[in-house]
Amino acid sequence: MKIQQHPRMRTILVGDEVYSYQLNLVARVDEVFPAAVCVKVGILSVNGILRFILSPQLWRADDIENLSVCRYCGSRDELEMEHGTGVPFRICSECRTTAPEKRRPPRGWW
Ligand SMILES: [Zn+2]
């Protein structure tokens with residue numbers, strides 16, 4: 001059986017920031033797999049002493065959105081933060097000039 005790449009994984013590169021809808025967390029991609037990414041999540045460990053550790057986790061492609069590209073067209077040019085959602089989604093200069101109702105739905109969600 002051939003491993004199929006999840007459509008959302010085509011735009012995700014190592015070093016990109018991704019948002020997990022499951023965990024409401026943002027993390028940087030460490031490794032890319034056909035249908036998941038490996039991220040390192042900073043957590044506070046209170047096991048005896050208080051320490052900040054980076055815990056590797058696998059996040060499924062179905063649960064994440066890439067924050068390092070425009071969420072409407074996938075461009076990496078002239079990105080700005082999209083305000084009002086609480087999540088640092090990015091939008092490019094071209095999609096910013098398009099009326100919100102005429103923008104394509106966020107990539108991978110149609
Ligand atoms: Zn765009």
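Here is a short chat about the sheet and the core of this predicted model.

Visitor: What's the strand order in the open sheet?
Guide: This is a predicted model, and its five strands run β4-β3-β2-β1-β5 with antiparallel pairing.

Visitor: Which ones are the edge strands?
Guide: β4 and β5 (64-66), each of which pairs on one side only.

Visitor: And how much does the sheet twist?
Guide: The twist averages 40° from one strand to the next.

Visitor: Is β4 well covered or hardly covered?
Guide: Hardly covered: of the 10 residues in β4 (51-60), one is buried.

Visitor: How many bridges pair it with β3?
Guide: β3 and β4 pair antiparallel over 10 bridges. Cys38, for instance, has Leu58 in β4 as its bridge partner. The two strands form a hairpin with five residues between them, and Gly48 in that turn has a positive phi of about 85°.

Visitor: What about β5, how many bridges with β1?
Guide: Three, again in the antiparallel sense. Tyr19 has Glu65 in β5 as its bridge partner.

Visitor: Switching topic: how many residues are in the largest nonpolar core?
Guide: It has 18 residues, and Val18, Val37, Val39, Ile64, Cys70 and Ile91 have the most contacts inside it. β1 (17-20), β2 (25-32) and β3 (36-45) are the elements that give two or more residues to this core.

Visitor: What does Val39 touch?
Guide: Leaving out residues up to four places away in sequence, Val39 touches Val18, Ala27, Arg28, Val29, Asp30, Gln57 and Trp59.

Conventions
Residues numbered from 1 in each chain as written. Predicted model: local features only at pLDDT ≥ 70, side-chain atom pairs only at ≥ 80, totals over all residues. Core = buried A, V, L, I, M, F, W, Y, C linked by C-beta atoms within 7 Å. Buried ≥ 20, exposed ≤ 12 C-beta atoms within 10 Å, placed from the backbone. Helix = DSSP H or I, 4+ residues; strand = E, 2+ residues; numbered from the N terminus. Contact = placed C-beta atoms within 7 Å. Pairing = 2+ DSSP bridges. Axes fitted to C-alpha atoms, helices over the stretch in contact; angles between N-to-C directions.
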